[in-house]
Amino acid sequence: RISRMDQAIGQLTPQQRQAVMMKAQQEANQQVMQQMMTQMVKQCFDKCAGTSGDRLDSKEQSCMAHCQDRYLDVREKVQGALQSRQDTM
């Protein structure tokens, strides 16, 4: 049995199908990047935040900055790979 979605996609022109696929890929890429950012905050905080109360001391702040920089470097590489994959569609 063919779903309504499959029927609707079957009625699209090749250009429209590609546009739909690209939009879906962009949304998936955005979700991956958002998950990475959420994970960065959690992991860096877990790694760097101690028991100094409700504020980070200078050592913890430095740790957070370095941790986030490493994540952002990785994020940039992942984003480039996702863009490359999208460009080949």
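**Disulfides and helix packing in a predicted model**

Leaving aside its neighbours within four places in sequence, C44 is in contact (heavy atoms within 4.5 Å) with A49, M64, C67, Q68 and Y71. The structure is a predicted model, in which local features need pLDDT of at least 70 and side-chain atom pairs count only at pLDDT 80 or more, whereas totals for chains, interfaces and linings use all residues. Residues are numbered from 1 along each chain as its sequence is written, and side-chain values use heavy atoms, with hydrogens and water left out.

Confidence in the model was examined through pLDDT, the predictor's confidence in each residue, from 0 to 100. The chain has a mean pLDDT of 84, with 96% of its residues at 70 or more. Helices are taken as DSSP runs (H or I, at least four residues), as are strands (E, at least two), and are numbered from the N terminus. Mean confidence in the chain is lowest in helix α1 (residues 4-10), at 75, and highest in α2, at 88. Where pLDDT is low, the predicted coordinates should not be read in detail.

Two disulfides, each a pair of cysteine sulfur atoms within 2.5 Å, are present in the structure. A disulfide is a covalent bond between the sulfur atoms of two cysteines. One is formed by C44 and C67, whose sulfur atoms lie 1.9 Å apart. This pair links distant parts of the chain, with C44 in helix α2 (residues 14-48) and C67 in helix α3 (residues 58-87), 23 residues apart. The torsion about the S-S bond of C44 and C67 is about -85°, so this disulfide is left-handed. Residues are classed by relative accessible area as buried (under 20%), exposed (over 50%) or partly exposed (in between), with a 1.4 Å probe and protein chains only. C44 counts as buried because its relative accessibility is 0%, and C67 counts as buried at 6%.

The other disulfide joins C48 to C63, with an S to S distance of 2.0 Å. Here too distant parts of the chain are linked, C48 being in helix α2 and C63 in helix α3, 15 residues apart. The link of C48 and C63 is left-handed, with -65° about the S-S bond. C48 is buried, at a relative accessible area of 7%, whereas C63 is partly exposed, at 23%. With bonded cysteines counted along the chain, the disulfides follow the pattern 1-4, 2-3.

Several of these cysteines also belong to the largest nonpolar core, which has 5 residues: M40, C44, C48, M64 and C67. A nonpolar core is defined as a set of buried Ala, Val, Leu, Ile, Met, Phe, Trp, Tyr and Cys residues joined through side-chain atoms within 4.5 Å. The elements that give two or more residues to this core are α2 and α3, and the largest share, 3 residues, comes from α2.

Helix α2 was then considered along its length. N29, found in helix α2, counts as buried because its relative accessibility is 9%. Leaving aside its neighbours within four places in sequence, N29 is in contact with L82, R85 and Q86.
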